[in-house]
Amino acid sequence: MTANISKDTLMLMLERMWRIRHFELKLTEMYNAGEVGGVHLYIGQEAVAVGACAAMRDSDYIAGNHRSHGHPIAKGANLKKAMAEIFGRIDGYCKGKGGSMHLADFSVGILGESGIVASSVPVATGAALAAKMQKMDFVSAVFFGDGASNQGACHESMNLASVWDLPVIFICENNQYAVTTSYKDTVAVEHISDRAQAYNMPGVLVDGQDAIAMYEAMTQAVERARAGEGPTLIEALTYRFEDHSLGLEKIRKSEYREDSEIDEWRLRDPLDLLTKSIVDSGTATQAECDAISAGAHAEVEEAAVFARNSPFPDESELYKDMFASEMPVV
Amino acid sequence: MSDKMFMQALGMGIAEEMRIDPKVFLMGEDVRASVYGAANGLHDEFGDERILNTPLSENGFFGAAVGAAAVGMRPIVETLTSFMWVGMDQLVSQAAKMRYMFGGQATLPVVYRAVMYYGGGSAAHHSDRSYPVFMNIGGLKVVCPGTPADAKGLMKTAIRDNDPVIMFEDGTLLATRGEVPDDPDFTVPFGVANILREGTDVTVVAIAGAVPHAVAAAEEMAKEGVSVEVLDPRTLVPLDKNAILNSVGKTGRLVVADPAAKVCSAASEIMSIVGEEAFWDLQAPMQKVASLQVHIPFTPSLEKLVYPTKDKIVEAIKKTMG
Ligand SMILES: Cc1ncc(C[n+]2csc(CCOP(=O)(O)OP(=O)(O)O)c2C)c(N)n1
Ligand SMILES: [Mg+2]
């Protein structure tokens, strides 16, 4: 099962998945302590971002969505800057102007995350257009949800990318729900990946709990894109273990998922699955895996201290960054 | 200098910049065949690789331009003002906001060319003058050339600029003619108003298609001994407010002629600035000659009532003269 993947890659994936998990657990703790607001957690979906990004190069681009702490961390973003951004501090990636839904780090190829659902899909498509026009071999990938898959921006981008053979990978993270609405009530086909047929591109259905499966599917899609053969739609079947956002359960008036369903998915925790593959294949020991988790935990704790100690941006920041040119904003 | 149509001047600006910078490309619906005119000859010169016909997907390709710009290309997107509504999310949520939201990490050198048809019996879906909407959003430069020379010079500046720019290409001006510099180094800077005619009694600030009407009104008033200064801001973001304030300081009277609908128009903003910063310079109430606050009717008998005209501007000037 792990035959084609180096130990380095497997351990890197495990490390990044633990970084995300501990990051999100820390945020939950901080939310309960009133330190941060009701962010969207990625717990349960870590294998999707990490498996995909492990198959990409540093020079490749990704774009994400509102549930996007995991995507930048998977691409190699710095935890301190990410945490500081969520705290609205000057040392955050965006100097506190973006916050939880906009953890962009352009230096590692992250073109940003969009709070408007599906709005970053055309942007990632455009980055791929730039690759093709400049005959450069970078690719771009965009992560979006099952809910987002119903937006016109998605359909327009997939058609455009296919017509122009652009090196972009559309990664639909089907976590089964858009807030409280099941995709079964909003998607007319059985699988979102079936829609790829209509755009004349490969549509691949992947077990999104399995980082290795994700890595393998993405490796193929990236190869295809780099070879100039165009886009791929990957549907990763996954599940968010927590509610849509922290605190939503206090606001919403009804349940939308059965406890038994949540329990069943929790049995397939992506971290357990990857650890098991690594240990069972003799790639590394359980102790080595535990050490990776402990290391990631320590990094997250350091990031939290860093974020708390970073100052808020000063008033002089308010009008900065509206334009690249020096000019009065009003 | 050569005598050119406004539309040709726009095309000259694009072609010159495409010759200089291989990262510049043009995309839009039917641009290869140049159905709106300004792209004439570009496909012959630059070929399929740099002149891209897009599917009918404004949200898709407006956003693709943002992404291409974010990673180093310099896209020019052609569309009509009226179709911008369809791609509005990408213009507002991405083009306008990315740089600020990401703390200055994104640099987006993209030009949206919005051909602004109105006044020709096209009815409400094809007659939008929407630049004030984009002034309000922020993060976008808003350019409204009023003469052929400015059409070329501002287009070149827009393409060289590192921010997202919307060029509003006024349909009532596309066939107007004027002297246009041939020099490929000629550009018109953003944020510098053009005084088309100097005067001492009344300032008329005129935007886009209102410019020729304002000049005609000034000529008519001159015969009656009234000296009118006509000022075209040329860019609404950035706005050369000092030029406007200086002119009003000299004349003490202000008329603003704006083809946009009058509520929250560019004229509204200009008058608000003058009210806040130059109230004591004013010798008479300011006058707004903007389009009436209605959707554009198809029938000529009604449409002709809507927009600023020379006569409406003359009337407003007279009002300020008491
Ligand atoms: C255009 C738009 N409509 C509605 C919302 C509100 N909203 C935020 S997240 C969300 C659900 C998105 O579901 P999905 O794409 O499946 O992503 P998930 O939250 O499941 O990761 C909604 C409706 C939004 N942010 N943007
Ligand atoms: Mg979902």
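Biologist: In which strand of chain B is the place of B:L231?
Modeller: This is a predicted model: local features need pLDDT of at least 70, side-chain atom pairs count only at pLDDT 80 or more, and totals for chains, interfaces and linings use all residues. Residues are numbered from 1 along each chain as its sequence is written, chains are lettered from A and ligands numbered from 1 in the order in which they are written, and side-chain values use heavy atoms, with hydrogens and water left out. Strands (E, at least two residues) and helices (H or I, at least four) are DSSP runs, numbered from the N terminus. B:L231 lies within residues 228–232, which form strand β11.

Biologist: Is B:L231 buried or exposed?
Modeller: Buried means under 20% relative accessible area, exposed over 50%, and partly exposed in between (1.4 Å probe, protein chains only). B:L231 has 0% relative accessibility, so it counts as buried.

Biologist: Which residues does B:L231 touch, not counting those up to four places away in sequence?
Modeller: A contact needs heavy atoms within 4.5 Å. On that basis B:L231 touches B:A193, B:N194, B:I195, B:V204, B:V205, B:A206, B:A243, B:I244 and B:S247.

Biologist: How many Å apart in space are B:L231 and B:M135?
Modeller: In sequence, 96 residues separate B:L231 and B:M135. C-alpha to C-alpha, the two are apart by 19 Å.

Biologist: Which residues coordinate the magnesium ion, ligand 2?
Modeller: Donors are N, O and S atoms within 2.8 Å of the metal (3.2 Å for Na, K and Ca); water is not among the atoms, so sites may look incomplete. The spacing of the donor residues in sequence is D-x28-N-x1-Y. Their donor atoms, at 2.0 to 2.1 Å, are OD of A:D146, OD1 of A:N175 and O of A:Y177.

Biologist: Are A:N175 and A:Y177 buried or exposed?
Modeller: Both residues coordinate the magnesium ion (ligand 2). A:N175 and A:Y177 are both buried.

Biologist: At roughly what angle do the axes of helices α1 and α11 of chain A cross?
Modeller: Axes are lines fitted to C-alpha atoms, for helices over the stretch in contact, and angles run from 0 to 180 degrees between N-to-C directions. The two axes, from residues 7–32 and 286–309, come within 8 Å. Their crossing angle is roughly 45°.

Biologist: How are α1(A) and α11(A) set to each other?
Modeller: Angles under 35 degrees count as roughly parallel, over 145 as roughly antiparallel, 65 to 115 as roughly perpendicular, and the rest as oblique. The angle here is roughly 45°. The two helices are therefore oblique.

Biologist: What is the handedness of the crossing of α1(A) and α2(A)?
Modeller: A crossing is left-handed if the near helix is turned anticlockwise from the far one by less than a right angle, and right-handed if clockwise. Helix α2 spans residues 46–54, and its axis is 9 Å from that of α1(A), at an angle of about 140°. That makes α1(A) oblique to α2(A). The crossing is right-handed.

Biologist: Which kinds of residue make up the contact of α1(A) with α2(A)?
Modeller: A:T9, A:M13, A:R16, A:M17, A:I20 and A:R21 of α1(A) meet A:E46, A:A47, A:V50, A:G51 and A:A54 of α2(A). Ala, Val, Leu, Ile, Met, Phe, Trp, Tyr, Cys and Pro count as nonpolar, Asp, Glu, Lys and Arg as charged, and the others, Gly among them, as polar. The contact then divides into six nonpolar, two polar and three charged.

Biologist: What is the phi of A:A118?
Modeller: Most residues other than glycine have a negative phi. A:A118 sits in the loop between β2 (110–113) and α5 (120–133) of chain A, and is buried at 4% relative accessible area. Its phi is positive although it is not a glycine, at about 80°.

Biologist: Near what value is omega for the peptide bond from B:V237 to B:P238?
Modeller: Most peptide bonds are trans. B:P238 is in the loop between β12 (235–237) and α10 (241–251) of chain B. The bond from B:V237 to B:P238 is cis, with omega near -5°.

Biologist: Which residues does A:A324 touch, not counting those up to four places away in sequence?
Modeller: A:A324 lies in the segment after α11 of chain A. A:A324 is partly exposed, at 30% relative accessible area. The residues touched are B:R99, B:N162 and B:D163.
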